[in-house]
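This report describes the sheet and the nonpolar core of one protein model. Please have the sequence and the 3D view open while reading.

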Amino acid sequence: MKVKKIYISKNEEAPAVIEKVISAEASTIILSLPKLARFSSAEENFELLKHEADAAEKKISIESVDDNAVDSATRYGIMASNPFFVCFDGNKWMDILPIRR
C-alpha cells in the first residue's frame, strides 16, 4: 500500500484538490490543509472529496491546524487531526500527556 502526502495551498479550489487525490498513484492519501484554506471554506467540499475518493477507491485523511477543517472532515467520515496534538485515548486530543509508569 502506497501512501502519499499532498500539500494543498491556501488558494486551491475544490476541483483541483479532488483531481490531485484522484490522480495520485497511492491508494492512501494524506491531505495537508493550511489554516483558512479556500477548500475548507465550504463544508460541501469535504462531502464531495469523500464521495470522489471512495469512487476512486482511495483512503484519505486530513491533517490541518484549522479546527473547522478537522471538524468538517470528521462530519463526513474522513479521518482528520491536528498534527500538533497527540491522540491519547481515541476520543480526546491532548498536547500534554501524563507520565506513563
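I62 touches L31, L33, F46, L49, A73, I78, M79, A80 and S81, leaving aside residues up to four places away in sequence; contact means heavy atoms within 4.5 Å. The model is predicted, so local features need pLDDT of at least 70 and side-chain atom pairs count only at pLDDT 80 or more, while totals for chains, interfaces and linings use all residues. Residues are numbered from 1 along each chain as its sequence is written, and side-chain values use heavy atoms, without hydrogens and water.

I62 also belongs to the largest nonpolar core, which has 22 residues; I29, L31, F46, L49 and I62 touch the most other members. Such a core is a set of buried Ala, Val, Leu, Ile, Met, Phe, Trp, Tyr and Cys residues joined through side-chain atoms within 4.5 Å, where buried means under 20% relative accessible area with a 1.4 Å probe, protein chains only. Helices (H or I, at least four residues) and strands (E, at least two) are DSSP runs numbered from the N terminus.

Four strands form an open, parallel sheet in the order β1-β2-β3-β4; two strands pair if DSSP finds at least two bridges between them. β1 (3-7) and β4 (79-81) are the edge strands, each pairing on one side only. Six bridges join β2 to β3, and S64 in β3 is the bridge partner of L33.

Notes
Buried means under 20% relative accessible area, exposed over 50%, partly exposed in between (1.4 Å probe, protein chains only).
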